[in-house]
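Morning, everyone. One structure today, and I'll keep it short. Here it is on the screen.

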Amino acid sequence: MARKSPSRRKSGMFHEGLSSFTGLIAWPMLCLFSKMNIREIHETDAAAFLELMHSIDEESPFAVLKPGERKTTVAEQRDEIRALMVHDNRKIFIAEDGAELIGWVGAWGERFERVRHSVWLSVAVRQDYRRLGIGMQLFGKLESWAWQREIRRMELQVAATNLPAIRLYLKAGFQIEGTRREAYFTGDEFIDEYLMARLLKAPEPPKNLYPKW
Ligand SMILES: CC(C)(COP(=O)(O)OP(=O)(O)OC[C@H]1O[C@@H](n2cnc3c(N)ncnc32)[C@H](O)[C@@H]1OP(=O)(O)O)[C@@H](O)C(=O)NCCC(=O)NCCS
């Protein structure tokens, strides 16, 4: 699917390989000078969300679905979003630039009490918006939502060769807990998948920087 790159990409202002520091300042700058925003998904986003998923299927060799394999209709997508909204431990947040959806993160929690504190995650950002801190912002939003709902464990699976994603997860505090051997087939070879997880802990109280008087 052909996509128009945002003009700031053409100007070369942002590009793959930006440093952490640039990633840190990029997001506030983008919010200030563009119409970028992160919010929860609504039923009315079904068509745009499906288009985003198709564009990620097309461009990412790590997407589970190959280009053309996604057969979901807009009506089915709308039903899925509606069904998701019924559960208080399931959520999708989307990143948007004006009217265009550019990224998403989703969490799916279990129904039963003994495992309700744990959610599975998935995340993706459109290729022309990567390395601007959007993945980290999506994780931040999800984390505050999760903490308020007493979710204490976030887990995911990632192809062992998907270094951008693994680095994002490590930066967001995830750890590798195990390997699912040859769980992923690229069409040419079998690749291992890592099971990664992060336990959410209460924020540390601020340290007293002053000596005791
Ligand atoms: C993984 C993905 C979501 C990252 O999103 P993003 O918005 O580019 O991530 P951020 O800009 O927030 O980057 C956060 C950190 O992740 C790491 N990272 C992200 N992309 C990277 C890359 N191409 N190379 C190396 N490290 C990378 C860096 O540590 C980065 O911090 P830094 O910029 O301060 O160095 C994005 O590459 C993507 O959508 N990939 C395709 C779909 C996919 O693989 N999803 C995961 C399935 S398990």
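I'll go from the overall fold to one helix, then to one residue.

First, a caution: this is a predicted model. The protein chain has 213 residues, and 23% of them count as buried. It holds six helices and seven strands. Along the sequence, the order runs α-α-β-α-α-β-β-β-α-β-α-β-β. Now the contacts. Take those in the protein chain with a separation of 6 or more: 63% of them join residues 24 or more positions apart.

Next, helix α3. It covers residues 46-59, so to speak 14 residues in all. From first C-alpha to last, α3 reaches 20 Å, close to the 20 Å expected at 1.5 Å a residue.

Which residues of α3 are buried? Ala46, Phe49, Leu52, Ser55 and Ile56. Keep the helix geometry in mind here. An α-helix has 3.6 residues a turn, so residues three or four places apart point the same way.

What covers the buried residues of α3? The cover includes helix α4 (74-86). It also includes three strands: β2 (90-97), β3 (100-109) and β4 (118-125).

Let's stop at β4, and at Ala124, which lies in that strand. Is Ala124 buried or exposed? Buried, because 23 other C-beta atoms lie within 10 Å, and the cut-off is 20 or more. Leave out residues up to four places away in sequence, and Ala124 touches Ile56, Ser60, Gly103 and Trp104. Ile56 is one of the buried residues of α3. As for Ile102, that residue is 22 residues from Ala124 in sequence, and 8.6 Å away in space, C-alpha to C-alpha.

That's my tour.

Key: Residues are numbered from 1 along each chain as its sequence is written. This is a predicted model: local features need pLDDT of at least 70, side-chain atom pairs count only at pLDDT 80 or more; totals for chains, interfaces and linings use all residues. Helices (H or I, at least four residues) and strands (E, at least two) are DSSP runs, numbered from the N terminus. The expected span of a helix is 1.5 Å times one less than its number of residues. A residue is buried if 20 or more other C-beta atoms lie within 10 Å of its own, exposed if 12 or fewer, and partly exposed in between; C-beta atoms are placed from the backbone. Two residues are in contact if their C-beta atoms, placed from the backbone, lie within 7 Å.
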